[in-house]
Amino acid sequence: MAMTEDDYREGLRGLMPPGPAFDPGLQPDVAQLLAGLAPELARVDQALDALQLEMNPATVDALLTDWEAYLGLPDACTVPGSQTVEQRRQAVIDKLTASGAPQVAYYKRRARQSGVVVTIDEFRPARVGPTVAGGFLYGGAWSWAWLASAPLAAYGTPQGAAMECRLRLEAPEYTDVEIGYGKAEAERIAAHVDQLFTAIHYVMPAAIAGLED
């Protein structure tokens with residue numbers, strides 16, 4: 001805990017030589033000197049106390065720009081002036097603790113930090129055995145592609161734009177990342193269409209044939 005002006009004033013008084021010549025109570029000039037030194041010493045003490053907070057990115061304030069400059073922040077995905085101090089601190093912490101790239105879990109976490117939950121699909125070239133009838137026949141180049149699928153509601157939102165920028169910025173240069181929206185909705189529609197197709201072409205004809213018999 002930093003010492004106060006009174007603490008320093010009393011401390012300086014205790015360091016003065018004994019005798020009436022240096023007694024602040026008898027010598028106004030000495031009292032004025034001590035009164036002038038104490039505030040500055042207290043200010044330096046408080047600054048040193050505060051410097052301990054600057055060493056922790058969770059509490060940094062005065063040196064926040066230095067932390068950002070060291071880590072290359074804000075990056076191309078951040079609109080200048082759009083972040084609060086707390087968000088800037090969090091960006092520093094995220095950059096310091098980022099690990100695991102290039103892994104699926106890492107990019108899911110980065111998307112979630114942008115405000116969007118995504119699923120990630122990777123692709124494998126078609127091979128005899130693993131490839132099943134009706135499956136996509138991916139070529140060799142698809143080994144380096146991956147798809148991040150976000151909810152349809154995220155399309156056109158600031159969070160969606162931030163997520164796209166973040167994933168494209170941090171994706172390994174040798175990969176090709178694609179961003180898609182509404183995969184879950186499309187799968188639900190496809191399932192309903194499949195059910196309708198089955199009902200029209202198989203269930204209903206069988207039922208009609210049964211009635212005719």
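These are my notebook entries on a predicted model, taken by topic.

**Entry 1: the sheet**

I began with the strands. Three of them form an open sheet, in the order S1-S2-S3, and the pairing is mixed. I asked why one side of S1 and of S3 is left without a neighbour in the sheet. Strand S1 (119-122) and strand S3 (176-181) stand at the edges and have a single partner strand each, so one side of each has no neighbour there.

Next I took the pair S2 and S3. Strand S2 covers residues 145-150 and pairs with S3 in the parallel sense, over six bridges.

Helix H5 (residues 104-113) lies across S1 and S2 and runs at about 145° to S1.

**Entry 2: H3, H4 and the loop between them**

I looked at helix H3 (64-71), helix H4 (85-97) and the loop between them, where Pro74 is found. The peptide bond from Leu73 to Pro74 is cis, and its omega is near -10°. For comparison, most peptide bonds are trans.

I then checked how the two helices meet. The axes of H3 and H4 come within 10 Å and cross at roughly 40°. The crossing of H3 past H4 is left-handed. On the H3 side I listed Leu64, Thr65, Trp67, Glu68 and Leu71; they meet Val85, Arg88, Arg89, Val92, Lys95 and Leu96 in H4. I sorted the residues of this contact by class and got six nonpolar, one polar and four charged.

**Entry 3: the largest pocket**

How much space lies in the largest pocket? I noted about 610 Å³. The lining has 23 residues, and the closest to the pocket centre are Thr78, Gln83, Gln113, Ser114 and Arg166. The elements that give two or more residues to this lining are H4, H5 and H6. H6 gives the most, with six residues. By class, the lining of the largest pocket divides into eight nonpolar, nine polar and six charged residues.

Definitions and conventions:
Residues numbered from 1 in each chain as written. Predicted model: local features only at pLDDT ≥ 70, side-chain atom pairs only at ≥ 80, totals over all residues. Heavy atoms only, no water. Pairing = 2+ DSSP bridges. Helix = DSSP H or I, 4+ residues; strand = E, 2+ residues; numbered from the N terminus. Contact = heavy atoms within 4.5 Å. Axes fitted to C-alpha atoms, helices over the stretch in contact; angles between N-to-C directions. Left-handed = near helix turned anticlockwise from the far one by under 90°. Nonpolar A, V, L, I, M, F, W, Y, C, P; charged D, E, K, R; others polar. 1 Å grid on protein atoms, 1.4 Å probe; cavity = no way out; pocket = protein on both sides within 12 Å on 5 of 7 lines; lining within 4 Å. Points joined across faces, edges and corners; volume = space filled by probe spheres on them.
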